[in-house]
Amino acid sequence: MWKKIASLILRNRLTILISLVVIILGLVGITLQKGVRFTTSNAQLLPSSDQTMIDFTDFQNTFGSEDNVIVIGYDDQKMANPVYLKKWQQLTKSITDLPGIDGIFSMTEAQKMTRDTLNGGFKTENLIPEEHLDSWIDMRTDINNFPFYESMLYNKNSDAMQAVIYMNPAIVDSKQRIQDVLEINKMVNQFTKETGISLYLSGMPVIRTMNSEQVKGETISFIFASLGVTCLIFFLFFRSFRATAVAVSVVVSAVVLCFAMLSLFGYEITLLTALVPPLLIVIGIPNCIYLINKYQGEYAIHKNKIKALQRMIMHVGNTAMLTNLTTAFGFFTFIFTQSSTLQEFGTIASLNIVGIFVFSLLIIPTAYSYFPEPKKRHLKHHEENWTSSLLKWMENVVLNHRPWVYRTTAVVLLAAIIGMFQMTRSGNLLDDMSKNAKFYRDIAFFDEEFGGVLPLEIVIDTKQPNGVTSLNTLTRMDRLNQYIDSLGRSSKTLSITELIKFSKQAYYSNDSAFYNLPTNQERAFILNEIKKTQGDANLVNNYVDSTGRKARMTTLLSNMDSKDMEVLIDNVKAALVDYFPEERYNTYVSGMAYVFMKGTEYLIKNLLVSLSLAILMIAIFMAFMFRSPQMILISLIPNLIPLLATAGLMGYIGVPIKPSTILVFSIAFGIAVDDTIHFLAKYRQDLHLYKGNIKKSVKLSIEEVGNSMLYTSIVLFSGFAIFLFSGFMGIVALGGLISFTLLMAMLSNLLVLPSLLLTYERLTTKDFTDPDVDYFDESDEDDDIEEIKLEA
């Protein structure tokens with residue numbers, strides 16, 4: 001088959017090149033026409049059928065969005081200067097005028113409730129008298145009399161204050177949110193520049209926007225960085241501008257295809273899909289190395305360009321197809337995770353890996369068919385050099401010191417197993433974000449002064465209309481409020497109980513001594529006054545559903561270790577059971593912080609299944625390729641060792657298991673197994689050629705394929721090491737760990753794999769040499785050499 005494919009490609013080289021140019025221009029046109037969108041919404045890690053997701057949807061349907069709040073804080077006595085205070089008030093006014101902002105709540109806009117003696121109920125009026133609006137100290141004194149605003153607008157133990165900005169919930173997943181947040185950030189920076197007063201900006205809209213903007217910037221920069229580094233290394237190996245230009249054309253074509261597919265499928269660029277273009281560049285270069293190395297190696301032997309091109313396609317094309325398919329399978333298994341984010345990543349990555357194989361198989365031989373024969377300098381890297389010396393050392397170790405290989409492997413595995421028991425996991429929403437970004441540093445201010453910024457919601461279903469307003473339920477909620485606040489890891493918990501306390505204080509002429517729950521006698525007339533309240537004063541609707549059956553309790557968690565967050569939420573759940581018996585109440589915990597934590601747990605379980613599935617699929621694939629059951633085990637062992645070593649390393653250096661780092665194993669396994677297939681393909685050909693002489697076949701395989709394996713491993717190592725310079729901690733860990741895994745895989749495939757082949761030679765000879773189905777087409781490839789005429 002591959003003889004026919006080689007003939008077809010070489011005979012139709014001009015048609016192929018013209019077709020490729022037309023196709024690539026068409027893909028560019030599709031991308032420009034449909035556009036590629038960066039995500040404006042949160043990644044959904046959980047399937048819609050998961051109970052946590054069902055609860056979150058129920059919460060949003062009942063109470064609306066909980067991630068539409070922006071906060072601006074400061075802790076600076078210079079704000080007492082009337083000039084600066086005036087600028088602050090101008091800042092808040094300018095923010096209010098933005099199209100997507102529903103309102104702003106700060107000290108100057110704070111309201112108090114007073115009894116409406118004319119119409120009944122309560123009405124609102126400015127808490128700060130007009131004569132105090134020019135005095136920060138007087139305003140601070142006034143607001144301190146209202147405990148409702150403590151930890152919401154001010155910290156009673158410091159000078160810290162904050163303004164709460166409410167964004168229209170309808171725009172939190174749109175481009176308008178991004179525009180408004182960037183404009184607010186610009187205003188805040190300008191205020192700091194003019195006054196010297198540091199302002200801190202946070203809230204979920206800010207975190208999401210600033211994080212996505214960084215994703216956008218890194219997507220472009222990492223495409224160029226990975227292309228530059230891999231191509232530079234490629235050039236240093238081959239010393240040829242022609243070869244480098246061909247390799248660049250292959251990977252650039254693949255990147256164009258990737259963006260076109262994102263456009264056609266309607267996928268947005270997320271933190272994961274943004275990785276695909278750099279991944280394609282890093283994965284595509286090894287295809288070029290194997291193909292060009294084979295071409296130059298063949299030409300060096302017989303100086304026949306046509307024969308060299310034909311043998312390149314026949315000997316490497318089929319192997320490259322198998323290696324690219326196994327890599328694609330590694331990514332394809334993400335489709336089975338039931339996470340839409342990972343499914344999109346798996347779909348785009350697997351399809352484009354197949355695409356880059358097609359591009360490399362068509363572009364490289366057709367381009368080289370027009371190039372003149374390689375010069376001596378182009379073939380120099382096939383002569384004695386540092387790679388030859390290293391391969392000879394490895395060859396000597398494999399042939400003469402196999403016990404040393406096995407002992408070293410045993411030590412590595414033992415250390416890896418010990419390290420694996422020290423692994424932890426992380427489900428913190430902020431864990432992968434850039435620790436150096438200003439928006440991340442600002443979070444620390446709100447953690448310290450106001451408790452946090454990560455939303456956690458609690459819903460209490462009393463199972464009966466107006467059940468929320470019973471004094472028994474209110475008392476239970478107040479006890480839970482106090483318990484959560486006592487944990488000291490969150491902002492002040494807000495619920496209907498705080499509003500009722502606020503109303504009672506208003507009923508008693510805003511005397512702060514009355515900021516507490518009403519007695520049973522007071523409850524009836526105070527609740528009656530609340531029901532009569534109209535307009536902005538009736539804040540109860542934010543915390544109780546329309547039937548009075550469900551109540552909402554909301555708090556903001558601080559940025560804490562994932563284990564601490566799990567303990568805190570477990571404590572809250574236990575308190576819920578204690579305070580709200582299941583026979584009388586239905587309760588659940590929700591909010592973005594909790595949903596992300598549960599999503600991480602779900603992904604870890606499913607990605608372990610995905611990795612197992614990838615190993616199984618590749619094992620089956622190898623069974624079909626080699627028709628030797630023993631070879632399945634022998635081929636998998638060298639690729640499982642690096643995964644175990646990486647897991648152990650994560651335990652030792654404290655890198656937790658999380659959505660970004662769990663990807664390491666599936667990605668690295670899919671790529672690392674490529675070297676195994678290339679080695680076994682060459683070994684099988686030599687085994688057939690030298691009539692079952694295993695020692696000679698292993699020796700020649702190390703010498704020929706080992707050179708390409710070293711090149712590709714260095715390129716892959718350097719390409720993934722680029723991610724170490726990312727601003728995202730998860731991407732840094734991903735790049736570093738994959739680089740380490742692939743380095744271990746190279747050593748394992750060049751030392752452990754050939755050692756196993758020699759040790760178990762009797763198990764790997766007959767079936768492996770004479771399979772039922774010949775996937776490598778080892779017939780005499782020279783038959784049609786003279787028939788192929790390359791037209792100028």
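**Cavities and a strand, in brief**

A: A quick start, with the note that this is a predicted model. In the second largest cavity, helix 7 (residues 204-238) gives the most to the lining, with four residues.

Q: How much space lies in the second largest cavity?

A: About 90 Å³.

Q: And what classes of residue line it?

A: The lining of the second largest cavity has nine nonpolar residues, two polar and one charged. Among the lining residues are Val215, Glu218, Phe222 and Phe728.

Q: Which residues lie nearest the centre of the largest cavity?

A: Pro286, Ile671, Asp674, Asp675 and Leu716. In total, 16 residues line the largest cavity.

Q: Which helix has the largest share of that lining?

A: Helix 21, with five residues. Helices 9, 10, 22 and 23 also each supply at least two.

Q: New topic. Is Ser360 buried or exposed, and why?

A: Ser360 counts as buried because its relative accessibility is 1%, and the cut-off for buried is under 20%. Ser360 lies in helix 11 (residues 340-370). Ser360 touches Val250, Asn287, Leu291 and Pro365, leaving out residues up to four places away in sequence.

Q: Now strands. Which residue in strand 5 is the bridge partner of Gly73?

A: Gln162. Strand 1 and strand 5 run antiparallel, joined by six bridges.

Q: And in strand 6?

A: There the partner of Gly73 is Tyr200. Strand 1 and strand 6 are also antiparallel, with three bridges.

Q: How many residues of strand 1 are buried?

A: Five of its six, so strand 1 is mostly covered.

Note on methods:
Residues are numbered from 1 along each chain as its sequence is written. This is a predicted model: local features need pLDDT of at least 70, side-chain atom pairs count only at pLDDT 80 or more; totals for chains, interfaces and linings use all residues. Side-chain values use heavy atoms; hydrogens and water are left out. Buried means under 20% relative accessible area, exposed over 50%, partly exposed in between (1.4 Å probe, protein chains only). Two strands pair if DSSP finds at least two bridges between them. Contact means heavy atoms within 4.5 Å. On a 1 Å grid over the protein atoms alone, a cavity is a set of points where a 1.4 Å probe fits but cannot get out, and a pocket is an open set with protein on both sides within 12 Å along at least five of seven lines; lining residues have an atom within 4 Å of a point. Grid points are joined across faces, edges and corners, and a volume is the space filled by probe spheres set on the points. Ala, Val, Leu, Ile, Met, Phe, Trp, Tyr, Cys and Pro count as nonpolar, Asp, Glu, Lys and Arg as charged, and the others, Gly among them, as polar.
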